[in-house]
Amino acid sequence: MNQLKEVHITDTNLRLDNNIVKGGILPNKISELSRTVNVVGETIIEGPLYASKLTIEAAPLEIKGAVFIQRELYINNDVTGDVTFRKAVGSASSIVTRALKCNTTFCSDVNAKSITLCNAFVSGSIYGDEIILENCVVIGGVFATQSLSIKDCVVGTFISPFVELDGHVNLLLPSVFSVERVNYTKTTRLYSLALADLGSLYRHQEERAESGRIEINLASDDLRTTLTDNGQQRSLHSYSVIGKVLAADLIDTDKFQNHFLLTAAALGPQLLKTYDLGTDKDGSPALLTTERIRAFFFDILFGKTKVKDLDGSFNIEQFARTM
């Protein structure tokens with residue numbers, strides 16, 4: 001790592017190159033509301049950041065406080081390295097990164113009118129009007145008010161008026177929702193990992209026999225669902241394997257440790273200590289750090305870590321004993 005130089009914020013427009021900002025970058029007068037921040041070298045900002053525009057031209061970059069951008073947060077396509085936002089990131093306009101070699105990590109929620117993310121990890125949820133995700137992992141939900149496009153991603157769940165899917169999309173929950181029917185290509189596969197043994201996979205150990213992923217058939221698993229809130233009704237298309245998950249009462253899902261894993265992923269830097277899921281295959285602790293959880297889910301996304309399909313059969317005598 002380069003020796004970072006401390007910088008004092010005085011200029012209307014900032015160019016950060018091998019700098020460490022002790023504190024935040026916040027406007028103190030009206031002229032600073034239109035401030036543009038360009039990151040052109042290794043940078044650490046220890047507090048919050050407010051700017052009219054944030055352009056990231058080089059990495060590594062770490063911002064430890066909340067970020068709000070009035071116009072655009074943009075990561076150049078040729079950026080390589082780690083870009084980490086430790087707290088919530090928002091924009092009144094757009095957040096865009098298409099950098100394939102940049103490991104972008106959002107440790108909390110992301111909120112903007114227009115959001116385009118590629119190769120990004122989001123510990124929280126994503127909220128926006130128009131959202132495009134490619135090769136991304138989102139531990140929480142993806143909530144779009146206008147349109148949503150997902151290609152080769154792992155997401156918790158999603159809801160949007162208009163949805164397009166492509167490639168392999170893995171869900172951490174059993175159901176997703178859309179106002180219109182989901183549009184998808186012939187190569188699209190939608191899976192739920194709700195009953196996958198993520199804990200064993202995280203520890204590089206063999207999955208339990210009663211665990212596995214469940215494929216959601218976008219043609220036959222489409223159900224009309226009516227949601228009611230404060231007297232208002234809304235009709236949605238629901239794509240779900242909840243009927244198949246009902247048999248989960250026969251499985252001790254606590255052994256999977258999925259809830260603990262996902263909670264640690266969502267809380268991230270808010271945790272006061274580092275937890276683990278027990279012993280890894282090599283005997284070392286399977287620590288629950290943001291970096292390791294990120295790598296784990298991307299290994300699932302890119303097929304490096306295989307999740308077996310769930311065997312849908314069960315013993316009727318076991319079912320009778322359970323009831």
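Accessible areas here come from the Shrake-Rupley method with a 1.4 Å probe, and for residues only the protein chains shown count as cover. By this method, the accessible surface of the chain comes to about 15,900 Å². Carbon and sulfur atoms hold 49% of that surface.

This is a predicted model: local features need pLDDT of at least 70, side-chain atom pairs count only at pLDDT 80 or more, and totals for chains, interfaces and linings use all residues. Residues are numbered from 1 along each chain as its sequence is written, and side-chain values use heavy atoms, with hydrogens and water left out.

Start with the whole chain. It has five helices and 25 strands. These are DSSP runs, numbered from the N terminus: helices are H or I with at least four residues, strands are E with at least two. Now take contacts, meaning heavy atoms within 4.5 Å. Among those between residues at least 6 apart in sequence, 31% join residues at least 24 apart.

Next, look at the backbone. Most residues other than glycine have a negative phi, and most peptide bonds are trans.

Find the loop between β6 (49-56) and β7 (61-63), where proline 60 lies. A cis peptide bond joins alanine 59 to proline 60, with omega about 5°.

Asparagine 119 counts as buried because its relative accessibility is 9%.

Finish at histidine 204, in the loop between α1 (198-202) and β21 (214-216). Histidine 204 is not a glycine either, yet its phi is positive, near 60°.

Methods. Buried means under 20% relative accessible area, exposed over 50%, partly exposed in between (1.4 Å probe, protein chains only).
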